[in-house]
Amino acid sequence: MPTHPRRFRFPIVAAVLVVAAMVWLRLGRAERPVNPPLLQYKASEAHQFERLELKRGAHEDLVILAFSGGGTRAAAFAYGALETLRRIQMIQDGKPVRMLDEVDLITGVSGGSFTALAYRLYGDALFDEYEKRFLRRDVQGMLVRRALNPTHWPALVSPGGGRSEMAADLYDELLFQGKTFADLEATDGPAVAVSATDLSSGSRVAFIPQNFDVMCADLGAFRLARAAAASSAVPVVLSPLTIDNYGGRCGYQEPSWLKQFTQASRPPRPAGRILKRLQELRELDDAREDRYFHLVDGGVSDNLGLRGVLDYLETFEALRMSGQPTPLDHVRRIIIFVVNSVSSPATAMNETVDPPGTLQILEKSAGVPIDRYASESVELLKDIDARWDALREIRAKAVRGGVVSKLGYIENAPEAEIHAIEVSFQALKDEKERRALNELPTTFHLPDEAIDRLRAAAAKIILDSPDLREVLRQEAAIVADPPFAEAERRPEH
């Protein structure tokens, strides 16, 4: 018969293993990546507030791409948009110019942030590398396997570490190769602005110099993979990514042009969005109260990447109407491609008396408000366009009526026309294809067939867009490669 000591052998061994594991985890904990401080703030008009430096000089067209969130679905759909714009040629001054080369700014959140950052980093080389490096990889499976691998557990339990830091290391291996924003700045291409959300305040934190200046943090040393990981850190599924705040230590000062709005008793209405954004930025400016920011998915605060664009346009409008010069005074057309991969899968939730389960509640609680806010952003963009059209019409009538002296601030109304080109599944006429794309999940792994459908859908939506055709009607010609559409030429005007 077994003796009593033998009866307790397994619990003792288990206890020893647990203690050994705890010691190993504690001793093996990795150091959390720490973003370094900005030692001394240097005022730069290009880096103040939302005034991005655009590199194409005094071109009359400002072209913006806004990439939404949605995991690999969003990354592939945005990639399809880039492929399509690469194949569209416009004739300018007698020479063919790719529409992709006319892009000035790309914004991105969550899944869209990968495509935005990778395009600026690799340029045209992206079209040879992106699919095999990222889009067609089972990134989600890799993340799960790493989380289950004991060799990664020390990093997971390190202070300030977690699943998003582990994800950032994987994104570096697959795509970004340890590159930083300083490396990004050294490349040619459009300005890129990707963003995350501060968990405590819900404020948008954009990875652009002016936002990091407020925090007295050095954006140049920040790894692109960590920015993508923060922007795609879906709450609960992935942990928040922690960054250090040094606000108040580098001598940062708000730009002087803001004073007329902050000190005015009744600032012009377009300044309202500027002042709201200023309030958000001031929350980043005191490291004594907020030593750290814990960042989650950028889609929580801006699922289309459009909020920064709206801020940019209304900053321009407010400055124009107060009589100040702006970087966009020469612009006559602002062309914005809203590349929106938000899906609306069918659900039988309202067909049964039984309430949905916990996981379904969690999914809908996060997704429904985000998607509704996304639609609101598009409507706000259209409102700005309508307001500018109305202001120009009022000015034209006043000039015709000889009452120019009574124009007031309307005299400085923006000259630019806004063309919003919506690239979304809802634009597809094929109901079967639209339904199939809407059923694609928000995940970091999709089958190759789904990747190809998303790319083809982006091409079809863009090339069939009546809004784009309206824009290109003013050009001498448009040529699309045969894989995407038959060549189309227009006579010169």
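A residue counts as buried when its relative accessible area is under 20%. In this predicted model, Glu 83 has a relative accessible area of 4% and is therefore buried.

The N to O distance between the two side chains is 2.8 Å. Arg 455, at 19%, is buried because it falls under the 20% limit. Arg 455 also forms a salt bridge with Asp 452, with 3.1 Å between the closest N and O atoms. Asp 452 and Arg 455 are separated by about one helical turn, because they stand three residues apart in α18. Asp 452 is partly exposed, at 35% relative accessibility. These residues belong to a network of salt bridges that links Glu 83, Glu 131, Arg 136, Asp 448, Asp 452 and Arg 455.

Helix α3 (residues 71-87) meets helix α18 (residues 448-464) at an angle of about 45°, and their axes are 8 Å apart. That angle makes α3 oblique to α18. The crossing is right-handed. Residues making the contact include Ala 76, Phe 77 and Glu 83 of α3, and Leu 454, Arg 455 and Ile 462 of α18. By type, the contact residues are 13 nonpolar, three polar and three charged.

The model has 25 salt bridges in total. Another of them joins Arg 387 and Glu 314, at 3.1 Å from N to O. Arg 387 is in helix α16 (residues 358-400) and Glu 314 in helix α15 (residues 307-321), 73 residues apart. Glu 314 is buried, with a relative accessible area of 10%, whereas Arg 387 is partly exposed at 29%.

Burial also describes a whole helix. In α8 (residues 163-176), 11 of the 14 residues are buried, so the helix is largely enclosed by the rest of the structure. Among the buried residues are Met 166, Leu 170, Tyr 171 and Phe 176. The elements covering them include α4, α5, α6, α7, α11 and β7. Gln 177 follows α8 and has a positive phi, near 55°.

Positive phi values also occur in two loops. Ser 110, which is not a glycine, has a phi of about 50°. Ser 110 sits in the loop between β4 and α4 and is buried, with a relative accessible area of 5%. Val 236 has a phi near 80° and lies in the loop between α11 and β7. Val 236 is exposed, at 60% relative accessibility.

How values were computed: Residues numbered from 1 in each chain as written. Predicted model: local features only at pLDDT ≥ 70, side-chain atom pairs only at ≥ 80, totals over all residues. Heavy atoms only, no water. Axes fitted to C-alpha atoms, helices over the stretch in contact; angles between N-to-C directions. Helix = DSSP H or I, 4+ residues; strand = E, 2+ residues; numbered from the N terminus. Parallel < 35°, antiparallel > 145°, perpendicular 65-115°, else oblique. Left-handed = near helix turned anticlockwise from the far one by under 90°. Contact = heavy atoms within 4.5 Å. Nonpolar A, V, L, I, M, F, W, Y, C, P; charged D, E, K, R; others polar. Buried < 20%, exposed > 50% of the residue type's maximum accessible area, 1.4 Å probe, protein only. Salt bridge = Lys/Arg side-chain N within 4 Å of Asp/Glu carboxyl O.
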